[in-house]
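Have a look at the model first, then read the points in order.

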Amino acid sequence: MASFWTDHKLAILILIVMASMQPRGSRAADEDPLQDFCVKDTTQQIHVNGFVCKDPAQVQASDFTSAVLKNPGNTSNVLGLAVTAANALTFGGLNTQGVSIARIDIAQNGLNPPHVHPRAAELLYLAQGTLLVGFVTSTPDNKLFALKINAGEVFIFPRGLVHFQLNVGYGTALAFSSFNSQNQGTSQLAKALFASNPPTNDAVLEKALQLSAADVQRLRALISKT
Ligand SMILES: *[C@@H]1O[C@H](CO)[C@@H](O)[C@H](O)[C@H]1NC(C)=O
């Protein structure tokens, strides 16, 4: 009498192979920790993927708290924007935990300009004000998803996609964004193109954006002030 295994051997083997082929990216954004915690040792200059752990015997309760988000950032700038991040760079207790949080203050009519976070999705909670938020899907669709959100609402910016936040309300907007990475990284599009160091070759910018040499110079001067 044929068993379930002999009847379905091929189907079962195919399922096992397909399961093992699931991309790693379908798990959390950051690697899983290998110990309870790994508070960043600020005395170490060693560069690894993340930061070297402080001696656990020296770790204190205060290593797991931070006040960096307590005060409003200074929005007196061209964009009317202040992003204050509590990530592994500024809050060592987050090292290896795969999460971080930022405070975003945006003055009236201010803008958090189009940017991407290469290592994290962003879950934004709007505590105060009204924002026009949006993101654009990857090429070739480049579909824009944008809408106004009000205080108390949340919005998810998918990992790695270009997104923005424009204050369209009255007065300052205050948002808190959490990320599924200890170090989300930020690449602001305008700055990456027009304020790189050293400057991106004129020929690249002229061709990519169909600009004249004069346009490129003008944009470099403008973007360097943002
Ligand atoms: C905010 O930034 C502006 C421009 O850099 C500066 O002039 C001003 O003193 C800053 N305000 C505070 C309270 O730090």
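1. Salt bridge here means a side-chain nitrogen of Lys or Arg within 4 Å of a carboxyl oxygen of Asp or Glu. D63 counts as buried because its relative accessibility is 15%, while K54, at 24%, counts as partly exposed. The cut-offs are under 20% relative accessible area for buried, over 50% for exposed, and partly exposed in between, with a 1.4 Å probe and protein chains only.

2. Before going on, please keep in mind that this is a predicted model, where local features need pLDDT of at least 70 and side-chain atom pairs count only at pLDDT 80 or more, while totals for chains, interfaces and linings use all residues. Residues are numbered from 1 along each chain as its sequence is written, and side-chain values use heavy atoms, leaving out hydrogens and water.

3. How many salt bridges does the structure hold? There are 3. One of them joins D105 and R103, with 2.8 Å between the closest N and O atoms; both of these residues are buried.

4. R220 also forms a salt bridge, with D202, and here the closest N and O atoms are 2.8 Å apart. R220 sits in helix α4 (residues 213–223) and D202 in helix α3 (residues 202–209), so the pair ties together parts 18 residues apart in sequence. Helices (H or I, at least four residues) and strands (E, at least two) are DSSP runs, numbered from the N terminus. With 14% relative accessibility R220 counts as buried, whereas D202, with 29%, is partly exposed.

5. I156, in strand β7, counts as partly exposed at 47% relative accessibility.

6. Finally, look at the second largest pocket, with a volume of about 250 Å³. A pocket is an open set of points on a 1 Å grid where a 1.4 Å probe fits, with protein on both sides within 12 Å along at least five of seven lines; lining residues have an atom within 4 Å of a point. Its lining has 15 residues, and L81, V83, N112, H115 and T186 lie nearest the centre.

How values were computed: Grid points are joined across faces, edges and corners, and a volume is the space filled by probe spheres set on the points.
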